[in-house]
Amino acid sequence: MSFPLTESASAAVCVSTLLVFLPGVTAQHQEDVRNSFEFAARAADRANGDDYTGWFKTFRSTLINIHWFNQQDGLEQEVEGLVFDSLDFSDSERELLIRALNALQQKAENEDALKLFNQSVLNEVGQDAIGRLLFIGGGSYHGKYQLAVCSERNGAVAVSTSYARFQVNGAQYRSVLYSDGKVETKTTISLHVLGLNSELYERVRDSIKRRLVDSGISEQAPVSGL
């Protein structure tokens, strides 16, 4: 079955993943990717809580069970400097991710998507959370997220995703996140490439969509202004 191609890039938040769809990914395959990622992330959240090493293993195995396949696994490495400088994407893909993240944070129409992303990225903590991953008072927190790019060539759908885990100790809030000589931050990142077997996925597409709808909760949202 063929679907009409999209002519421009788009983006969405799926639980704790910021997904960018390159031009040429059909609307149907965008929906398949969003639903697959939400379905797999929910399964990983239920099974692992804040065990973020086990989290990605469950996420990936869930995708494989619904007719995705593993194409590449990169070694986990500690990030030195900016996360975006460590991403193994092309310059154009990195630029699209930066634009999507800026739109997510800055545009009022993306308020719900930003709230979903923040809540999904962070583990539960004792402090009251405020916007953009900052906290009131001292303490520690950790979390995980993915920055992903989806492409389609001749009907073949692939997602390159960078899975990041972070740990911050001694964080405090005074308008900005500042160290006060006490903050320790560690972030690790690993690249994975996953492919979708579209023909086999058609057999489970309606079932997965129905299970997500029947839950009564949507954990995906479009990001406008890309």
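Helix 1 passes helix 2 in a right-handed crossing, that is, with the near helix turned clockwise from the far one by less than a right angle. This is a predicted model: local features need pLDDT of at least 70, side-chain atom pairs count only at pLDDT 80 or more, and totals for chains, interfaces and linings use all residues. Numbering starts from 1 along each chain as its sequence is written, and side-chain values use heavy atoms, without hydrogens or water.

Helices here are DSSP runs (H or I, at least four residues), numbered from the N terminus. Axes are lines fitted to C-alpha atoms over the stretch in contact, and angles run from 0 to 180 degrees between N-to-C directions.

Who touches whom? On helix 1, the contact includes F37, F39 and A40; on helix 2, W55, F59 and L63 are among the residues. Contact means heavy atoms within 4.5 Å. By class, 10 residues are nonpolar, 5 polar and 1 charged.

Now helix 6, residues 205–214. Its axis comes within 10 Å of that of helix 1, crossing at roughly 55°. Helix 1 and helix 6 are oblique too. Helix 1's side includes E31, D32 and R42; helix 6's includes R205, K209 and R211. Here the count is 3 nonpolar, 2 polar and 7 charged.

Last, confidence. Mean pLDDT (the predictor's confidence in each residue, from 0 to 100) is 84 for the protein chain. Residues 125–138 stay under 50.

Key:
Helix = DSSP H or I, 4+ residues; strand = E, 2+ residues; numbered from the N terminus. Nonpolar A, V, L, I, M, F, W, Y, C, P; charged D, E, K, R; others polar. Parallel < 35°, antiparallel > 145°, perpendicular 65-115°, else oblique.
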